[in-house]
Amino acid sequence: MDRTFSRIKTQSLNRLDLSKKGSVDEDIEHVVSLLNSCEQFFTTSSCSGRIILIDGAAGSSDAHKQNCVWLFVSHQKCTCDDLMSGLSRACGDAVLKFEPFVLHVQCRRLEDAQLLAVRSTHGLEVPLSRHGKLLVDEDYIQFLTQIANQKMEENLRRVQRFFQNFQSAVSAERQHIPDSPGTQEHQVSQHTHKKGRRGEQGTNKQNQLNVNKRRHQHETVACHDYGDSSLPELNDCLDLFT
């Protein structure tokens, strides 16, 4: 599975950017770069957030997809004049929209997706004209401009918070990655070696004490008969496990 995911990731990141802009938006370049640097993620499309004015076919309920003209688009804040200029070219049903930043990300596993799962309702969609006729006055367009710009400012703050939180989550996850089997075996070997040396030193000391003890017993309690001559050796063996 990991090899397949890595292959698909490489192929996807090597493809040409087919978006209208043809490149990653500047305000989320650092986010996209961080995601693609993680082996368990890669981005398939992205947008830093945008203010758009589209002119859809009259009566269409799906103006953002079919038969629509982009009258204005910006990934930064806009002015009232920008929107008024766009509306002057409207022939159908013009709609002003603010869309927050979006990232489409492929994840290697479900657990990885859960780390990244975020949704937001920070948007705006307002109809402004019908059959090319403006439905509101310029004062209302000025008001909507302020609202859209406020949402753009908040959107960029959310981008930065997302980046910082995701960066912290990735750093924490990397710190908890277990050592490779080879490293673990090396550590166990070192621990066993050190433990063996301590055990050997302790055993030598204990054996010397047992020899002195048996010598003392032989000299002072010669009348005692242990019956089984292997008993002292058994006691020596048991000392290795205590």
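This is a predicted model: local features need pLDDT of at least 70, side-chain atom pairs count only at pLDDT 80 or more; totals for chains, interfaces and linings use all residues.

Student: How many disulfides does the structure hold?

Tutor: Take C78, whose nearest cysteine sulfur is that of C80, 8.6 Å away. The cut-off is 2.5 Å, so C78 is in no disulfide. Over the structure, the number of disulfides is zero.

Student: Is C80 buried or exposed?

Tutor: Its sulfur is 8.6 Å from the closest cysteine sulfur, in C78, and that is too far for a bond. For the label, buried means under 20% relative accessible area. C80 has a relative accessible area of 8%, so C80 counts as buried.

Student: And what is the relative accessible area of C78?

Tutor: C78 is one of the residues in contact with I51, leaving aside I51's neighbours within four places in sequence. C78 is buried, and its relative accessible area is 5%.

Student: Which element gives the most to the largest nonpolar core?

Tutor: That core has 19 residues, and I51, L53, L96 and L128 have the most contacts inside it. β1, β2, α3, β3, β4 and α5 each supply at least two of its residues. With four residues, the top contributor is α5.

Student: How many residues are in the other core, the one with I28 and V32?

Tutor: That core lies apart from the largest one. Its members include C38 and F41 along with I28 and V32, and its residue count is 15.

Student: How far does α5 reach from its first C-alpha to its last?

Tutor: At the start of α5, a side-chain oxygen of D137 comes to within 3.3 Å of the backbone nitrogen of D139. The helix has 38 residues, and at 1.5 Å a residue the expected span is 56 Å. The model comes out close to that, at 56 Å.

Student: How many bridges join β1 to β3?

Tutor: One place to look is S45, which stands opposite H104 in β3. The two strands run antiparallel, and the bridges between β1 and β3 number 14.

Student: What is the bridge partner of D55 in β2?

Tutor: β1 and β2 also run antiparallel, joined by five bridges. In β2, the residue paired with D55 is V69.

Student: Last one: how many of the 16 residues of β1 are buried?

Tutor: Buried takes a relative accessible area under 20%. β1 is mostly covered, and the number of its 16 residues that are buried is twelve.

How values were computed:
Residues are numbered from 1 along each chain as its sequence is written. Side-chain values use heavy atoms; hydrogens and water are left out. A nonpolar core is a set of buried Ala, Val, Leu, Ile, Met, Phe, Trp, Tyr and Cys residues joined through side-chain atoms within 4.5 Å. Buried means under 20% relative accessible area, exposed over 50%, partly exposed in between (1.4 Å probe, protein chains only). Contact means heavy atoms within 4.5 Å. The expected span of a helix is 1.5 Å times one less than its number of residues. A polar contact is a pair of N or O atoms within 3.5 Å; within protein, one must be able to donate a hydrogen and the other to accept it, and residues adjacent in sequence count only if both atoms are side-chain atoms. Two strands pair if DSSP finds at least two bridges between them.
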